Amino acid sequence: MTDQRIRHALIIMVFGTFFGILCSTLMNIALPTFMAVFHISEAHVQWVTNGYMLVNALMIPVSSYLIKRFSFKWLFIFFTGIFLCGTIIGGLANSFNLLVIARMIQAIGAGMMMPLVNVLAIRYALPGKKGRIMGIIGLAFNCAPILGPAVSGFMLDYLSWRYLFILIIPFAVITLLLSLWMLPYIPHNEFPQFNSFGFTIITIGLWALLMGLSNVSSFPLLSFNVGGMTIIGLAFIILFYINQRKSSHPLINLGVFEHRQFLLATVINMLITATMYGNAILIPLLVQIVLGESTVISAIAILPGAILTGLLSTTSGRFYDRYPIQWLVGAGLLIDIIGTTGQAMIGARSSVIIITVFQTVRQFGLVTMLIPLQTQALSLLPNEIVPDAVACFNTLRQIAAAFGTALIVSVVGIVNHLVHSSTSHLGIQSGFAFCLVLLLLSLVLSRKLYHKIK
């Protein structure tokens, strides 16, 4: 399959990246806890997750430059160290602002770990084996976000929220030590220039747009906090696009989008990812706020789906090597749509068992298609543009996670405001209905996928 040194490197890097991605949703079930401890609203508390995902997304395009400029080994070691520092600060945080800053420092580290794993796998996997390799990586990329709320749900019933950070510290230390000892030195062979202007304007653009979308439920649509910030964000994103097209050393090589299967698979993945991360917030809100159950019950509702995702991640990667991509994605989306439709029909008196069943159905659909989609996006490309493609794919995935979560929370807030309640199940149902719309759009787009093993 691959050289033994590369296999060892992938195992270590997947192990470390698993905990980096776990942190993206580890705090979701703790959101009601943070609201009570720090006396903040839903609109403010979502920055614990959105701030993490936004910084994570901003780091990923930088990865394309860094991977070309420096060796895999020292990049992974350096950013694992940054992730560890953020985790320690989070465990010691005594204010909400410091908590958000700690999460953003974590995200800087995790945002670099993710593309390193992808690039190493795609570059060194043998033809016809890429689906299997990406399936192994799927344990980190697709199992960890689902497992996060389940882990935190059990912990919060017995321990302080600080242990959500303390739990990660020993695993980050182990990753750091194994990386120093076992990662092979793979030299870089390029000396690209860094597009600092492009990085600055995309940072401003994404931050402003996320602020605007996050404020939808708190301010009028035509206010500066919503409409103004959204326009500013879109203007800077357009400016970024123009800059990247004209630059001789772009931050992201937008030429990767000229490969139609990459573009299509990336767009579908973004829509699905938005529903996955949005769902990770909706379930805790439904179980804890609407039904009044404990964090442990929230964890139990999520756990079967998380276990199923872990068990089937490697299998779904192998499916890509055997079956047409259109079949895999179409089947996965239909299953996901069935589960999401059930979630959208859940009432205020529904049992936790029903919620668990629908959530597990959703996860079965997700695990069937996410790894094949990622493999489809990356495996058909020339090796020389894989770092740029990985950067684009993962950046847009994290942007979809952050913006999808912001939109879904805003939908919940708007409906709750209309019915004059902060705990209405109608708001949660509306959030699930919005997810359903995104999945139906994905199903339409998936019909244009075609299968070809490189």
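**Surface patch, then helix pairs**

I started with helix H9, residues 169-182, which gives the largest share of a nonpolar patch: 3 residues. I keep in mind that this is a predicted model.

Which residues form the nonpolar patch on the surface? I listed Trp74, Val173, Leu177, Leu180 and Tyr185. Together they have about 510 Å² of accessible area. I then looked up Leu180 and found its place in helix H9.

Next I turned to helix packing. Two packed helices are described by the angle between their axes and the distance between those axes. I looked up both values for each pair.

My first entry is H12 with H15. Helix H12 covers residues 260-290, and helix H15 covers residues 352-379. Their axes come within 10 Å and cross at roughly 155°. Angles over 145 degrees count as roughly antiparallel, so H12 is roughly antiparallel to H15. I noted a left-handed crossing for H12 and H15. What does the contact of H12 with H15 hold, by class? I wrote down 15 nonpolar, 7 polar and 1 charged residues.

My next entry is H14 with H15. Helix H14 runs over residues 325-344. I found that H14 and H15 pack at an angle of about 150°. Their axes are 7 Å apart. How do H14 and H15 run, roughly parallel or roughly antiparallel to each other? The angle puts them past the cut-off of 145 degrees, and therefore H14 and H15 are roughly antiparallel. I noted that H14 passes H15 in a left-handed crossing.

Key:
Residues numbered from 1 in each chain as written. Predicted model: local features only at pLDDT ≥ 70, side-chain atom pairs only at ≥ 80, totals over all residues. Heavy atoms only, no water. Axes fitted to C-alpha atoms, helices over the stretch in contact; angles between N-to-C directions. Helix = DSSP H or I, 4+ residues; strand = E, 2+ residues; numbered from the N terminus. Parallel < 35°, antiparallel > 145°, perpendicular 65-115°, else oblique. Left-handed = near helix turned anticlockwise from the far one by under 90°. Nonpolar A, V, L, I, M, F, W, Y, C, P; charged D, E, K, R; others polar. Patch = residues over 30% accessible without salt bridge, like charges linked within 9 Å, V, L, I, M, F, W, Y side chains within 5 Å. Areas by Shrake-Rupley, 256 points an atom, 1.4 Å probe, with all protein chains shown as cover. Salt bridge = Lys/Arg side-chain N within 4 Å of Asp/Glu carboxyl O.
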